[in-house]
Amino acid sequence: MEAVIDKKELFLEQFRVSEGLSGESIAAQKALHNLDFPSTRDEYWKYTRLTKIQNSRFSLEESTEDIAIESINEDAAHLNCINGFFRELIGELPEGVSITPLEQVNTSLIEYQHEFFAALNTAYFTSGIKITVDSGVVMEKALQLNFANSASNLQAQPRVEIKVAKNASAQFILNFQNHGNTGNFWNVVSEMKVAQNAELNIHQLQQGGDENFLVNTTTVQQKRDSRFAIHTICLEGKILRNNLNIAVEGENCETKLNGVYLASGSEHFDNHTYVDHIAPNCNSSENYKGIIDDKATAVFNGKVMVQPDAQKINAFQSNQNILLSDDATINSKPELEIYADDVLCSHGSTTGQLDEEAVFYLRTRGVSEISAKKMMIRAFVFEVLEEIKLESFRTHIEDLIDEKFKV
Amino acid sequence: MLSIKDLKVSVEGKEILRGLNLEVKAGEVHAIMGPNGSGKSTLASVLAGREDYIVDSGTVDFDGKDMLDLAPEERAAEGLFLAFQYPVEIPGVSNINFLKTAINEIRAYKGEEKMAAKEFLKRVKEKKELVELKDNLASRSVNEGFSGGEKKRNEIFQMAMLEPKLAILDETDSGLDIDALRIVANGVNRLKTKENATVVITHYQRLLDYIVPDFVHVLYQGQIVKTGGKELALELEEKGYDWLTKELV
């Protein structure tokens, strides 16, 4: 027991800052003191071992080096976060959209009292921004936030707050990119508030390199008549963990969670989602599809909670997986917890192999084996991709999916 | 065009083809008939390159190439086409898109340029009419939700698109109603030229009323035991296969 505590303390040591903390960071630091480093003994981390992160040491480096980052949606504005530090905005924001630095955390949706990584970010975030979309504003183009490193073995803990005011419509791309670095640890926390009758569309592309760690915690709050959709595409990561928590607090909301994860080599991707239906008359639909090759592992844990007052809820959840190799692993756990009696909920999980008969059929028509398998993979994830309305993002990831497997 | 010599094939250790010989020349239509379990589908599968089949001995020469040495897609590029007995449903893969890939990969294999989009669409339109394929079926996912007849028509549509030298139709007629059978047969007949050849594998003589063969072969216990003209098919229809097997004993 002593040794465990020591390891956690040694891990925390590297994040401590000389200046005094302020706001909720103080409380988060206290929480860290009481929390254990997550292990597979915790239900929440059962299938994801974090010893590699715990035993690694990371430094902090605010670089000024220019890093080339590709644009996914051509002429829209970009904001780069290099090594965990946000830089100046490139391009122009639409009227009614503003970005301000986040000096300290005052009130937060993030539940960090029981969550180690959320607490770590809340206590020691490297840099933070607050994006506000004023009421009635419609963002025609998606603002692209890029997360990248200029060196190896760094820690990066950015914090993002997005607030979409009443009747507004907003869209973002969160792009995690790799620049050939290794041993980096990203611990990102995002807080998203969707006000009454507002709309928020998030597109996450996670390809931060297969030698880097990413823990990405996103907490969403939906007020009545709001629409929230998130598309998460996991393509690269040594250990990649998404914690996505959505509280549907108001009536008549639409919630959509889409995910595609393609793991190969010895990658480990873990998607945990939680949709909390607190109010009645809402629809949520979740569809995650995964393809796992080589010795890679994927974890899907999706929980839908329907609270006692949340009548007339339609909640749909599906997780489907294809294993391309005998050594690939998937741990899939869809969960429903229902306390209301007038609801329509369904969930399901399937795991299988690529249909060899279909591959053979395509080959007899002159399609090469590799093209045939790529077609099948595309077909498998198509259902998720077709939900992505932002076309430039969709075509970009279609190409990346094609490149990922050399099947 | 196709020369099969003393072909012996086994599946899971069981010998299915036991020294099969067959010669097919350009411009010819051959019918291979035989009772269930005689090895008809095995022949189609092994020619198309299905993996579970072990060739124990023998040769298959396809226009000077050792066909058994080629991957399924290379066989297709060389001009072989197999119409499946049970066409596979492939949700999410569009018929048209996959055919475009197939045609262009075959062209690349031959060192030819990609087909222009305009030319491709023209061919689609033309060939669709040939097999009376409804508009939406061509652009839908491969065979997904198609009726039995639509699936077989789609096979012939693909055959028309790919313009193979040698087409093997594996029980394409089984389970078809008479209208669908006519459409399928009509498509095959219209695709026939002096340069290409067709091998029709069937259990029933009925198909041969519509696709008239130059040669009829009887496959029995993994060997071609009798070869004749189209009248042999009628004889088989009338007498069944029993007389043949008795004759052989």
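Here is a short chat about a predicted model with chains A and B.

User: Hi! Let's start where the chains meet. How many residues of chain B are in contact with chain A?

Analyst: On the chain B side there are 29 residues, and they are in contact with 17 residues of chain A.

User: How much area do the two chains bury between them, and what share of it is on carbon and sulfur atoms?

Analyst: About 1,900 Å² is buried between chain B and chain A, with 63% of it on carbon and sulfur atoms.

User: And how many salt bridges go across that interface?

Analyst: The rule finds three salt bridges across the interface of chain B and chain A. As for charged pairs between the chains, the side chains of A:Arg363 and B:Glu73 form a salt bridge, at 2.6 Å from N to O.

User: Pick one inside chain A for me. What does A:Lys303 pair with?

Analyst: A:Lys303 forms a salt bridge with A:Glu337, at 2.9 Å from N to O. A:Lys303 lies in strand β17 (residues 297-306) of chain A and A:Glu337 in strand β19 (residues 329-338), so the pair ties together parts that are 34 residues apart in sequence. A:Glu337 counts as partly exposed, at 24% relative accessibility.

User: What about chain B? Where do B:Glu23 and B:Lys5 lie?

Analyst: Those two side chains meet in a salt bridge at 3.9 Å, N to O. B:Glu23 is in strand β2 (residues 14-24) of chain B and B:Lys5 is in strand β1 (residues 2-11) of chain B, so this pair ties together parts that are 18 residues apart in sequence. B:Glu23 is partly exposed at 41% relative accessibility, and B:Lys5 is partly exposed with a relative accessible area of 45%.

User: And B:Arg123, is that one buried or exposed?

Analyst: B:Arg123 is buried, with a relative accessible area of 15%. B:Arg123 forms a salt bridge with B:Glu163, the closest N and O atoms being 3.5 Å apart. B:Arg123 lies in helix α4 of chain B and B:Glu163 in the loop between α6 and β9 of chain B, so the pair ties together parts that are 40 residues apart in sequence. B:Glu163, at 47% relative accessibility, counts as partly exposed.

User: Which residues are joined into one network by salt bridges that share partners?

Analyst: A:Lys8, A:Glu9, A:Glu13 and A:Arg16 are joined in that way.

User: Switching to cores. How many residues are in the largest nonpolar core?

Analyst: The largest nonpolar core has 113 residues. Those with the most contacts inside it are A:Ile233, A:Phe393, B:Ile4, B:Leu7, B:Ile90, B:Phe157 and B:Leu166. The largest share of this core, nine residues, comes from α6(A).

User: What is B:Leu7 in contact with, beyond its sequence neighbours?

Analyst: Leaving aside neighbours within four places in sequence, the contacts of B:Leu7 include B:Leu17, B:Leu20, B:Leu43, B:Val46, B:Val55, B:Val60 and B:Leu68. B:Arg18 and B:Ser57 are also among them.

User: Which residues does the second core include?

Analyst: That separate core of 59 residues includes A:Val133, A:Cys234, A:Val248 and A:Ile292.

User: Last topic, helices. What does α7 in chain A pack against?

Analyst: The buried residues of α7(A) pack against β8 (169-177), β10 (199-207), β12 (227-236), β14 (254-263) and α6 (369-385) of chain A. Those buried residues include A:Phe393, A:Ile397, A:Leu400 and A:Ile401, and A:Arg394, A:Glu398 and A:Lys404 are also among them. Helix α7 of chain A covers residues 391-404 and reaches 20 Å from its first C-alpha to its last, close to the 20 Å expected.

User: And what covers the buried residues of α7 in chain B?

Analyst: The cover includes α4 (117-130), α6 (148-162), β9 (166-170) and β10 (197-202) of chain B. Among the buried residues of α7(B) are B:Leu181, B:Ile183, B:Val184, B:Val188 and B:Leu191.

Technical notes: Residues numbered from 1 in each chain as written. Chains lettered and ligands numbered in written order. Predicted model: local features only at pLDDT ≥ 70, side-chain atom pairs only at ≥ 80, totals over all residues. Heavy atoms only, no water. Helix = DSSP H or I, 4+ residues; strand = E, 2+ residues; numbered from the N terminus. Expected span 1.5 Å × (residues − 1). Buried < 20%, exposed > 50% of the residue type's maximum accessible area, 1.4 Å probe, protein only. Contact = heavy atoms within 4.5 Å. Core = buried A, V, L, I, M, F, W, Y, C linked by side-chain atoms within 4.5 Å. Buried area = accessible area lost by both parts, 1.4 Å probe. Salt bridge = Lys/Arg side-chain N within 4 Å of Asp/Glu carboxyl O.
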